[in-house]
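Colleague: I'd like to learn how to read a protein model. Could you walk me through it, one feature at a time?

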Amino acid sequence: MIRLVATDLDGTLWGPDMVVPERHAQAIGELARRGVTVLAATSRRPRAVRPCFERAGLAIPAVLVDGAIGIDFRTGDRFHQAMFDSAGALAVLAVFRWAGLEPCVYVEDPDVDVLVSPAPSTCAAHLDYLGGLAGVADLDAALRARPVYAFSVLGVARERLEPAAGLLRASGAEVMLYAEPRYGGYGLIVNPPGISKWTGIEAFCRLSGIAASEVLAVGDGDNDLTMLTHAAVAVAVRDGTERTLATADHVIGPPSEHGWESLLDLI
């Protein structure tokens, strides 16, 4: 029996417009009536996801920033949190700078989601997207004063990112180097050691009394692989990465074809 559906958002539940199709929202409601909880698992930040859910009339739990944060939007409760300690965060920053990169730093802060230096390496389109929720700061001082969830540089050439990715991976950090679908080029995301979407899902399952054998996971990107491989049932989007498709028990269509709705036939 499936009791939890863990779903990626971008390219899975919604398309580039970040709007939940009405048929997908109705499918989530139908699963709830069947006693199945839907949990979002995404690399996006809480402030980016919350208004999208509200516009669709959805209140569901979510694992955010690729497993660093878990918030149940039904109650507002935070059920999971994983951060770098100060020394670990500064060590990651040092590796980025050794590679000639100034990363975006995802922090716990009442006013902003992301901190950047005066000359960030992430692409201009990413900075435009972050808008007023990105603050300029002395990163060394900020990392000593604030909890840090993740680092990223998005939309740049792969060869600029590979040296930092290799060294950070060897240090034990969770590293995602991938073709960036939104901004072009490649993206590099770094999370604390051992943290992934699945660790956040596990935290929710422990609180809810749900076993891994009762979880269906659906996604389209390489950052979905941990949840796809650990869940009892793995579902990939047809235009997802080769690795997700190779892992999948089932394949569904993309959001433009209302593929997520077909999960009702699997549960």
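**Aromatic pairs**

Modeller: Let's start with the rings. Rings pair if their centres lie within 6.5 Å, and by that rule there are five aromatic pairs here. Take F53 and F73: the ring centres are 5.8 Å apart and the planes are at 80 degrees, so this pair is edge-to-face. Keep in mind that this is a predicted model.

Colleague: Which parts of the chain does the pair of F53 and F73 tie together?

Modeller: F53 belongs to helix 2 (residues 46-55), while F73 is in the loop between strand 4 (69-72) and strand 5 (77-81), so the pair ties together parts that are 20 residues apart in sequence.

Colleague: And how do I tell whether F53 is buried or exposed?

Modeller: Look at the relative accessible area: under 20% means buried. F53 has 1% relative accessibility, so it counts as buried. F73 is buried too, with a relative accessible area of 15%.

Colleague: What about the pair of F79 and F204, how are those rings arranged?

Modeller: F79 and F204 are also an edge-to-face pair, with 5.3 Å from centre to centre and 65 degrees between the planes. This one links distant parts of the chain: F79 sits in strand 5 and F204 in helix 7 (residues 197-208), 125 residues apart. Both F79 and F204 are buried.

Colleague: Which rings are linked into a cluster?

Modeller: W14, F53 and F73 are, through ring pairs. A ring can also have a charge over it, and here R182 lies over the face of Y129, at 4.6 Å from the ring centre.

**A helix and its surroundings**

Colleague: How do I read a helix, say helix 6?

Modeller: Compare its span with the expected one. Helix 6 (residues 158-171) has 14 residues, and from its first C-alpha to its last it reaches 20 Å, close to the 20 Å expected at 1.5 Å a residue. Then ask which residues are hidden: in helix 6 the buried ones are L161, A164, A165 and L168.

Colleague: What covers those buried residues of helix 6?

Modeller: The cover includes helix 3 (86-98), strand 9 (148-156), strand 10 (174-179) and strand 11 (186-191). Now check what follows helix 6: it's G172, whose phi is positive, near 105 degrees.

**A buried residue in a loop**

Colleague: Where is D66 found?

Modeller: D66 is in the loop between strand 3 (61-64) and strand 4. With a relative accessible area of 6%, D66 is buried. To see what surrounds a residue, set aside its neighbours within four places in sequence; D66 is then in contact with several residues, among them T42, S43, I189 and N223.

Colleague: How far apart are the C-alpha atoms of D66 and I189?

Modeller: They are separated by 9.0 Å, although D66 and I189 are 123 residues apart along the chain. As for N223, its side chain is joined to that of D66 by a polar contact of 2.9 Å.

**The whole protein**

Colleague: Now zoom out: how many helices and strands does the protein have?

Modeller: There are nine helices and 14 strands. The radius of gyration is 18 Å, close to the 18 Å that the globule rule gives for 267 residues, so the protein is as compact as a globular protein of that length. Its C-alpha trace spans about 50 × 35 × 30 Å along the principal axes.

Colleague: And how much of the protein is buried?

Modeller: Buried residues make up 54% of the 267 residues. For the contacts, take those between residues at least 6 apart in sequence: 57% of them join residues at least 24 apart.

Terms used: Residues are numbered from 1 along each chain as its sequence is written. This is a predicted model: local features need pLDDT of at least 70, side-chain atom pairs count only at pLDDT 80 or more; totals for chains, interfaces and linings use all residues. Side-chain values use heavy atoms; hydrogens and water are left out. Rings of Phe, Tyr and Trp (its six-membered ring) pair if their centres lie within 6.5 Å; planes under 30 degrees apart count as stacked, over 60 as edge-to-face and the rest as tilted. Helices (H or I, at least four residues) and strands (E, at least two) are DSSP runs, numbered from the N terminus. Buried means under 20% relative accessible area, exposed over 50%, partly exposed in between (1.4 Å probe, protein chains only). A charge sits over a ring if NZ of Lys or CZ of Arg is within 6 Å of the ring centre and within 35 degrees of the ring normal. The expected span of a helix is 1.5 Å times one less than its number of residues. Contact means heavy atoms within 4.5 Å. A polar contact is a pair of N or O atoms within 3.5 Å; within protein, one must be able to donate a hydrogen and the other to accept it, and residues adjacent in sequence count only if both atoms are side-chain atoms. The radius of gyration is taken over C-alpha atoms; the globule rule is 2.2 Å times the number of residues to the power 0.38.
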